[in-house]
Amino acid sequence: MADSKWVLLIFVLCLFGPTPIFCESDFSSKIPTKFLSFAKKQEVVDWMVGLRRKIHENPELGYEEVETSKLIRAELDKMGIPYKYPVAVTGVIGYIGTGEPPFVAIRADMDALAMQEMVEWEHKSKVPGKMHACGHDSHVAMLLGAAKILQEHREELQGTVTLVFQPAEEGGGGAKKVLDAGVLENVDAIFGLHVSPGLPIGEVASRSGPLLAGSGFFEAVISGKGGHAAIPQYSIDPILAASNVIVSLQHLVSREADPLDSQVVTVAKFQGGGAFNVIPDSVTIGGTFRAFSKESITQLKQRIEEVITKQAAVQRCNATVDFLEQGKPLFPATINNKNLHKHFQNVAGNMLGVHNVKDMQPLMGSEDFAFYQEEMPGYFFFLGMKDEAALGPLPSGHSPHFKINEEALPYGAALHASLAATYLLEIQLRPSSPEGKHHDEL
């Protein structure tokens, strides 16, 4: 590729020439603004908005994203982008560039939530009880937008961009299944984003190091002996036992955790009994636990089981605890690579202005993007979409009133494409890996 040779020649001149007039940083700094201009073309914006609305009307839960995947593949076919399917049940992995190393990945999640949409608008969910209430419809549209940008500039790519359309982020651990499929073995780095209703449009936020907590779920059945509420002495009350369990679980954070090591244990489910005067035979409780290290997550898991079973025994009840790892695997913490943080700051700063690139505090929310970061350097950031003057306050994610500011789509698409393209340029300056350590992904 002639363009590729010229770019590498520029690198050499920049590094070794006596009076360099043009260097890699100058070249790559122009990419973000060029890509944003492309993404803001009206025909591109209209196309992304149309895709997002189609996906929003037909939400699909984790590992059920059949129509969403079909739409993605149709668009990749139109752009002439090769892909692998199926990956992790419904996932799609696309490739743009040389088909050879280095590889960099950009990822979007595809799944919706099991909830009824309460927003009345032309493109409201057509599927009862299902809704894109976390913005994954916009994530898919933005990654397809990035694909369009990169395919248009594919002759300039110094390697291969891997497009990861991932199923089942909402508790299903789709990222882990993608990794298990072996399709990302040669990827050097991966980037992901999430829309943020609280961050102004045109701004982004993230941080180096821990960004989001690791998390797990638990469900416990506490069994006693039912009976009439007027004669409790002949019963073994599981409601009383469950109440003591819930109070005791709160001590795990307040009295056992280091105050400087943020942790959460929340019981959000309590089911038992159906009459005012009947003590039930059993009660079911459930909840989530979160922390920023594997050690803390492991400790919480162990202690949750101990507290539930032993506190139930104090009240003469039996208890079984299920951590639901078959369908909801433990998520590790989302920890951003410090070198990729610098790369993100440079790219986003060149595109949006350094004053619009914000540092943020860690959050106790979780993301299965963390599975990728356990296998390779990864970086996750938040994309602003707040515009109260135009849309008023935007509800938070997982709300039945959740809305997307579609003006954010060009920014997400351009950032995805710019982070990947400039990363490939910069990695060319690193020593090449020994031959035989990679295979052609295409």
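Contact here means heavy atoms within 4.5 Å. Helices (H or I, at least four residues) and strands (E, at least two) are DSSP runs, numbered from the N terminus. The model is predicted: local features need pLDDT of at least 70, side-chain atom pairs count only at pLDDT 80 or more, and totals for chains, interfaces and linings use all residues. Residues are numbered from 1 along each chain as its sequence is written, and side-chain values use heavy atoms, with hydrogens and water left out.

Buried means under 20% relative accessible area, exposed over 50%, and partly exposed in between (1.4 Å probe, protein chains only). The expected span of a helix is 1.5 Å times one less than its number of residues.

| Helix | Residues | Length | Expected span | End-to-end C-alpha distance |
|---|---|---|---|---|
| Helix 5 | 136-152 | 17 residues | 24 Å | 24 Å |

Helix 5 is mostly covered, with 15 of its 17 residues buried. In helix 7 the buried residues are Pro238, Ala241, Ala242, Val245, Ser248, Leu249 and Leu252. Their cover includes strand 8, strand 10 (263-271), strand 11 (278-279), strand 12 (282-291) and helix 8 (294-314).

**Cores**

A nonpolar core is a set of buried Ala, Val, Leu, Ile, Met, Phe, Trp, Tyr and Cys residues joined through side-chain atoms within 4.5 Å. The largest has 73 residues; Leu144, Leu163 and Phe165 touch the most other members. Helix 12 (residues 409-427) gives the largest share of this core, 13 residues. Another core, of 25 residues, lies apart from it and has Leu199, Ala205, Phe369 and Phe380 among its members.

What does leucine 144 touch, not counting residues up to four places away in sequence? Its partners are Trp47, Leu51, Leu71, Ile72, Glu75, Leu76, Met79 and Phe165.

**Largest pocket**

The largest pocket has a volume of about 600 Å³. Of its 25 lining residues, Cys134, Glu169, Glu170, Ser366 and His398 are the closest to its centre. A pocket is an open set of points on a 1 Å grid over the protein atoms alone, where a 1.4 Å probe fits, with protein on both sides within 12 Å along at least five of seven lines; lining residues have an atom within 4 Å of a point. Strand 5 (187-200), strand 8 (214-223) and strand 16 (378-386) each supply at least two lining residues. Strand 5 gives the largest share, three residues.

**Glycine 62**

Glycine 62 sits in the loop between helix 3 (42-57) and helix 4 (66-79). It counts as partly exposed because its relative accessibility is 28%. Glycine 62 touches Asp111 and Ala168, not counting residues up to four places away in sequence.

Methods: Points joined across faces, edges and corners; volume = space filled by probe spheres on them.
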